[in-house]
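Work through the exercises below with the sequence and coordinates open. Try each task before reading its solution.

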Amino acid sequence: MSVIYILITVSIVVAIIFLIAFINAVRTGQYDDDYTPSVRMLFDDKLSQIQKEKQKSI
């Protein structure tokens, strides 16, 4: 029975640690822009072509 109390205590401590880590991540802005990174890879070719054309014209 004492093992159950230890496991519950440890699981609550781990859950609190993850909650603190999540709150810290939200406060530092890691979840501000979650759309652009997923689409950025689709437009890299167009952006690199435009940059190459600008460099050639200079």
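**Exercise 1.** What length does helix 1 reach from its first C-alpha to its last, and what is expected at 1.5 Å a residue?

Solution. The model is predicted. Start with the range: helix 1 covers residues 2–28, which is 27 residues. Next, take the expected span, 1.5 Å times one less than the number of residues. That gives 39 Å. The model reaches 39 Å, close to expectation. Then look past the end: glycine 29 follows helix 1, with a positive phi near 90 degrees.

**Exercise 2.** Classify isoleucine 8: is it buried or exposed, or in between?

Solution. Locate isoleucine 8 first: it sits in helix 1. Its relative accessible area is 43%. Buried means under 20%, and exposed means over 50%. Isoleucine 8 is therefore partly exposed. It also belongs to a nonpolar surface patch with Met1, Ile4, Tyr5, Ile12, Ile16 and Ile20. Together these residues have about 750 Å² of accessible area.

**Exercise 3.** Describe the whole chain.

Solution. Count elements: 2 helices and 0 strands. Check burial: 3% of the 58 residues are buried.

Terms used
Residues numbered from 1 in each chain as written. Predicted model: local features only at pLDDT ≥ 70, side-chain atom pairs only at ≥ 80, totals over all residues. Heavy atoms only, no water. Helix = DSSP H or I, 4+ residues; strand = E, 2+ residues; numbered from the N terminus. Patch = residues over 30% accessible without salt bridge, like charges linked within 9 Å, V, L, I, M, F, W, Y side chains within 5 Å. Areas by Shrake-Rupley, 256 points an atom, 1.4 Å probe, with all protein chains shown as cover. Salt bridge = Lys/Arg side-chain N within 4 Å of Asp/Glu carboxyl O. Buried < 20%, exposed > 50% of the residue type's maximum accessible area, 1.4 Å probe, protein only.
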